[in-house]
Amino acid sequence: MSNQLIIGAHVSLSAPDYFVGSVKDMLSYGANTMMFYTGAPQNSKRMPLDIMKIDEGKALLDEHNINPEHLIVHAPYIINIGNTIKPDLFDVSLKFLRDEMTRVAEFGAKVLVLHPGAHVGAGVEEASKQIITGINEILRTDQTGTIIALETMAGKGTEVGRNFEEIAQLIAGIERKEQIGVCLDTCHINDAGYDVHQVDAVLAEFDRIIGLKYLKVIHINDSKNDVGAHKDRHDNLGYGTIGFATLVKYFHHPLLTGIPKILETPWFNDRPPYKKEISMVKKQRFEPNWRENL
Ligand code: ZN
Ligand code: FE
Ligand code: FE
């Protein structure tokens, strides 16, 4: 079980079938995990859990021998606990995150991906201090055991977490280390300036600066931009600047066994690319023009 490839994609959680609908989408892609937002990614309005067909979804997961702990939830991007300029946003974000951790647990999941934050002009130091304060405050009273996985960012705008050092500094300030983790995103680190093609070197550096034990989930995306562009625009496997040959190494790397790997690649011609991408990853073989033939 533990040396099995855990692979999935971003799926939506939407009316009328919500969770069971997401699980069905996931299965239709040939995936054995998925990542979802508990509502719209750009806001913090959330529907009550009792309409979300959670039990039905869990039963379907069980039928397919899928461990719900491999599922990943992504926090909405409006959450910014690094914003020291609007204190009310900090409070709202903390309250949302607390509730979100409860939702994560209700779905049977374990890991919540969080963009560390943006300093909006106040500087990385200030923002980092506040991010640490916020997460410690949440974890001190948390009863859910949900792990917050800080995502490595592209360094767009004033994003914090644009290199391994910034992530390590955040982790260093967290008291409950068993509930903090990291989400490595291949598009983001490429855009942040890492040479993602040197897979072993990237992982060695991650281990040296952060520690591989903190790595809880990997977003594997191609990038529309060159290394160091600080952009964050995902592309389909083999269509971007990173390329299939490199990306497939992250899926199958022995050091990353057992870590859920999630595609956040864009739809093409109104169609999800995931079934095809997942099958190519499993076969470790790229099919030219697959996207045009979807
Ligand atoms: Zn993200
Ligand atoms: Fe990501
Ligand atoms: Fe991204």
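Let me begin with the two metals: the iron ion (ligand 2) and the zinc ion (ligand 1) are 3.3 Å apart, and E151 coordinates both. This is a predicted model, in which local features need pLDDT of at least 70 and side-chain atom pairs count only at pLDDT 80 or more, whereas totals for chains, interfaces and linings use all residues. Residues are numbered from 1 along each chain as its sequence is written, chains are lettered from A and ligands numbered from 1 in the order in which they are written, and side-chain values use heavy atoms, with hydrogens and water left out.

I turn to the iron site. By donors I mean N, O and S atoms within 2.8 Å of the metal (3.2 Å for Na, K and Ca); water is not among the atoms, so sites may look incomplete.

Strands (E, at least two residues) and helices (H or I, at least four) are DSSP runs, numbered from the N terminus. E151 is buried, at a relative accessible area of 0%, and H219 is buried, also at 0%. Buried means under 20% relative accessible area, exposed over 50%, and partly exposed in between, with a 1.4 Å probe and protein chains only.

Next, the zinc site. H74 (NE2), H115 (NE2) and E151 (OE) coordinate the zinc ion (ligand 1) at 2.1 to 2.2 Å. H74 in strand β3 and H115 in the loop between β4 and β5 (117-118) link distant parts of the chain, 41 residues apart. H74 is buried, with a relative accessible area of 1%.

Now the fold. A closed barrel of eight strands runs β1-β2-β3-β4-β6-β8-β9-β12, with parallel pairing; two strands pair if DSSP finds at least two bridges between them. Strand β1 (residues 7-10) runs parallel to strand β12 (residues 261-263), joined by three bridges, and I7 has K261 as its bridge partner in β12. Three bridges also join β1 to the parallel strand β2 (residues 33-36), where M34 is the bridge partner of A9. Strand β3 (residues 72-74) pairs in the parallel sense with strand β4 (residues 111-114) over three bridges, and V73 stands opposite L112.

Finally, the packing. Of the 82 residues in the largest nonpolar core, those touching the most other members are F19, F36, I81, L114, I135, L150 and I210. A nonpolar core is a set of buried Ala, Val, Leu, Ile, Met, Phe, Trp, Tyr and Cys residues joined through side-chain atoms within 4.5 Å. Helix α4 (residues 124-141) gives the most to this core, with seven residues.
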